[in-house]
Amino acid sequence: MAPTTSPPGDAAGLGKARAAAFVLPALVLIGVFLVFPALWTIYLGLTDYRLTGLAAADPQVVGLDNYTDALTDPRFLTSLWLTVAYVGGSAVIGQAGLGFTLAWILRGRTGPVRRAVEGVVLLSWILPSTVVGFLWFALLDRDDGTLNALLHTPGLAWLLDHPLLSIIVFNVWRGTAFSMMLYSAALENVPPSHLETARLAGAGVPQQLRDVVLPLIRRHVLTNLLLISLWTFNDFTPFVLTGGGPEGRSEILPVYVYNIALKGGELGAGAAVSFLILLINLIFALAYLRLLRGRRKSLTGPPA
Amino acid sequence: MTLPRRPAAIAALTVLALSSCGTGAPAGTEDVTLIIAANSISGGKNSESADWIKRWVIPEFERTHQNVKVLFQPSGVNDEQYKTKIALDLKSGTGADVIDLDGIWVGEFAQAGYVKPLTDVGGPTVDSWEGWSQIPQAVQGLGIFDGKKYGLPQGTDGRVLFYNKTLFAKAGLPEAWQPKNWEEIVAAGQKLKAAGVPAPIQINAGTAMGEATTMQGVLPLLAGAGSEIYTDGKWTGASQPLKDVLAFYQQLYSAGLSDPKLQQEAKGRDKSFAQFAAGKIGILAESDYFWRSVIEPKAGVAPMADRDTAVGYAKIPAKTPGGGIRGQDFVSMSGGAVRVLNPNSKNPKLAWDLLAFMHSAAAVKSQLAGQARISPRTDVNTEVLGADPMLEYVAEEVLPVTAYRPGLAVYPQVSVALQEATAAVVSGRGADEAATAYQSKLEGLVGGADHVTAG
Amino acid sequence: MIRHTVGRLAATVLIAVALAFFTLPMLWLASAPFDAGPAITTSVPEFTLRNFAAILDNPYALGSIRNSLIQGGGAAALVVVLAALAAYALSRVRVPGRDVLLYLLLLLSSVVTGTAAMVPIFELATRLDLIDTHLGVILVVSGGLLPAAIFILKDFMDETPTSYEESARVFGASPLQILRHIVVPLVRPGLATIAVWALASVWGGFLFQFILLRDPDKAPGSVILYTLYTEGGAPRLDLISTFSLLYSLPVVAMYLFVSHRYGFRFHGGIKR
């Protein structure tokens, strides 16, 4: 690999002032339409604000009540564990695992097979989320689902008997494309000669992956895990499939927030849970950093 | 190398083009604009109602009111989403002049200060409106909160037990069936089961069906056990009537008379419609909506070509004769939409004129457009309901015994708690256990045991 | 050698399984729109084109796809341009703590894209007079997408060699010219990917589009799709399946166009 990473200096002669001018438009938009409403939402989390009723006319600051209520609510705790399992199963293991596997197998291949696989994987990623709900309904339905017809298992209620597994498999289908693309790019940075050397030295595929590939793509793995975890934590699409049911067995946190904020009208409590989701994401991010830090000193250090 | 120029140029053009098509109703010189908002849209949900507003209300009203321009703001999405949008509009002091609301939202909107009594907005002419004498007191109740009239009802409905006469004949049950108590429902279910009907009785349960569980299941049954969900400032907790309701659910599922999975599926209610139409469900508790729009032979979502001969309907009986609310033998629940005035309307008097016009006999008749449906007006009902014996039955037999839900902000959450209690029973937990869990949840929702009746 | 053969075989089997897994759910979209009596099931259709006639009768269906294009295209263009500028500057000039700052913005974007942020977003749009405008939708959704777009693009930019930029600078090119003529061509597939990603994210979004717009003639396809239900909330599957197909086509077409024209990869145009 050529040592052409971002230099400590200023290769393009941008200068601080011009660099600031480049960043400014994005920063203004983010400031107005992201930071401001986000902070406002976090503030709402400290109130008993509701969409309608008396608390809408005169919301009161209730301090951390929403947080203590959530943390002592068994429904929230169940939802939290479901979400962790959902993110772990569908994003970390599923999307990243399958995405890497596909990238590894397709590496070096060209032609119609590669194009076909990439095509269908990407199609699952870009179809509108409003549409994919219906697609998966048609696949998993108890009475006339395609899957039951193929497996000759009439009447098997996938969404009811295995709700969490169903939405995990669904999300693997939905989001693998991003990981696949990212790892495809990363693997192109692994010189074939390194792999060849390792193979001649008698290393099996697992050893090659561990000793040659992983050190070179560590930073991509980190980027990948950070983003797909964040997206999966906020993924509302499973609601279309299971509605969070049966009996809350697939009520992941975004669905929980929707149920209390939009259906129940408790916007204050919903905002508090949103902030809790943010904190949990932060914990995940710190864990990834720790696991993948390797020789890198910290997130602020120069890229590997 | 020309690529980068293009997105930038497109973005700039887009921004220019878009900022020029901002908000702002056409502000004529002295023309007045009124806006109607409703949860209906041409080609989508409640299409007929949207077409009626566009093709009849607007031209007719504009014809008699020179210089007034009426616009229609359709939505046509699910109720919670529509409610959110309207609440946001009213909260920010904007929104349409005449707004569709579900009657059940009136209380919470009034408490939030989003809507005001009609006389406060429309002035004294409101009280002298000719239509009041045509709308039965109970139906007016849909738009009343704390004794004040906030909205004009658009119509109402009633809940009955629909049954499949073909299946009844196979099971040796009478063609004209009217159970007198809950036991007779179960007995009919058992005969249907013996005759090979897969799911003899469908009374909605569980959280997936949402409000349909509360409205078609728990509340009519609770009324039949002699209790309303909210009376004299208190919510009904784990009282005997509520335990009776949950025990009845338990009886249905332990005897295998209902399909528990159907209650858990995200699209369970749609499936229950399809299964009834396909002859797999014998008895189904539903609103007259089921008759009008679901199994309607031509345009229904689960049409039954032989609806008029094959489908019967019966009143929902009390647990035992005389055991219902107000000592009734039969019970039902009703709901319905209302139209309210926006307190921020710039032309409140004209807005009231428009609202009253939309509820005149001519307008109501035009909205029905030959379809039978229970309108708010007695004069219209006597004229049109004769065309459909089922709706006439609801108007004459069911509405006199019906009840309405309390329009308070916390009601939707109480409703979810009730749904959860039925879900627990469906999945095999005991009725008492479910009732106890409901009681503690309810106390948390409504602000402590003081607001709950128990025992 | 045996190990190699087994490996090839395993790879082939895996490719076949993956193809089946990713294709299977899409069958409904290929069959239901042409079915005279579509249900929640994939079946050999009783062939008809009546559903297409029915959806064309809907006064908002086609216009909504145009609105989706305006809002999705506008947001994609805005996100790509602003993110590319910002990512480039952040990649080439060292600002202490930039990675942490970027990640914090990414975290905040998760709050803003959730249901709970509805009221702040709506109030903000009301005060800025953006209610019922395409621009309002574009700005709101772009705000949520930008941090991730910058995060990803900065990764690309970090990996593109800076030697060309240095030589261009020697010949007197301005930073904007360098970005336009040297960096952008290098990361073009990445920009294309971000554009499609942004478009697809906006395309499926419902809640903010719904609360920010009033006039149905401005509503995007995702909002109109939600109106194809009956009074009691039962889906009109004939209309929904047909509209889903029509409404997915532009995104697919855009993906095919972009991947054919610019490539659709997460790396630069120069093999290293």
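Colleague: Starting with B:Asn46, is that residue buried or exposed?
Modeller: B:Asn46 is buried, as 23 other C-beta atoms lie within 10 Å of its own. Buried takes 20 or more other C-beta atoms within 10 Å, exposed takes 12 or fewer, and partly exposed is in between, with the C-beta atoms placed from the backbone.

Colleague: Before we go on, what sort of model is this, and how are things numbered?
Modeller: This is a predicted model, in which local features need pLDDT of at least 70 and side-chain atom pairs count only at pLDDT 80 or more, while totals for chains, interfaces and linings use all residues. Residues are numbered from 1 along each chain as its sequence is written, and chains are lettered from A and ligands numbered from 1 in the order in which they are written.

Colleague: Back to B:Asn46. What is its phi?
Modeller: B:Asn46 has a positive phi, about 50 degrees, although it is not a glycine.

Colleague: Where is B:Asn46 in the chain?
Modeller: In the loop between strand S1 (32-38) and helix H2 (47-64) of chain B. Helices (H or I, at least four residues) and strands (E, at least two) are DSSP runs, numbered from the N terminus.

Colleague: And C:Asp132, what about its phi?
Modeller: C:Asp132 is not a glycine either, and its phi is positive at about 65 degrees. C:Asp132 sits in the loop between helix H6 (118-127) and helix H7 (134-159) of chain C. C:Asp132 counts as partly exposed, with 19 C-beta neighbours inside 10 Å.

Colleague: Chain B as a whole: how many helices and strands?
Modeller: Chain B has 20 helices and 17 strands. The radius of gyration of chain B is 24 Å, close to the 23 Å from the globule rule for 455 residues, so chain B is as compact as a globular protein of that length. The radius is taken over C-alpha atoms, and the rule is 2.2 Å times the number of residues to the power 0.38. Of the 455 residues of chain B, 54% count as buried.

Colleague: Which domains does chain B have?
Modeller: Domain 1 covers 31-153 + 336-395 and domain 2 covers 159-333 + 406-453. Those bounds come from an automatic or database domain assignment. The C-alpha centres of the two domains of chain B lie 30 Å apart.

Colleague: Now chain A against chain B. What touches what?
Modeller: 21 residues of chain A are in contact with 19 residues of chain B. On the chain A side, H2(A) gives the most, with 3 residues. The chain A side divides into 10 nonpolar, 7 polar and 4 charged residues.

Colleague: Last topic, the sheet in chain B with S14. What is the strand order?
Modeller: S13-S14-S16 of chain B, an open sheet of 3 strands with mixed pairing. Pairing needs at least two DSSP bridges between two strands. S13 (316-317) and S16 (402-404) of chain B are the edge strands, each pairing on one side only. S14(B), residues 330-334, runs parallel to S16(B) and is joined to S16(B) by 3 bridges.

Colleague: Which residue of S16(B) is the bridge partner of B:Ser334?
Modeller: B:Tyr404.

How values were computed. Contact = placed C-beta atoms within 7 Å. Nonpolar A, V, L, I, M, F, W, Y, C, P; charged D, E, K, R; others polar.
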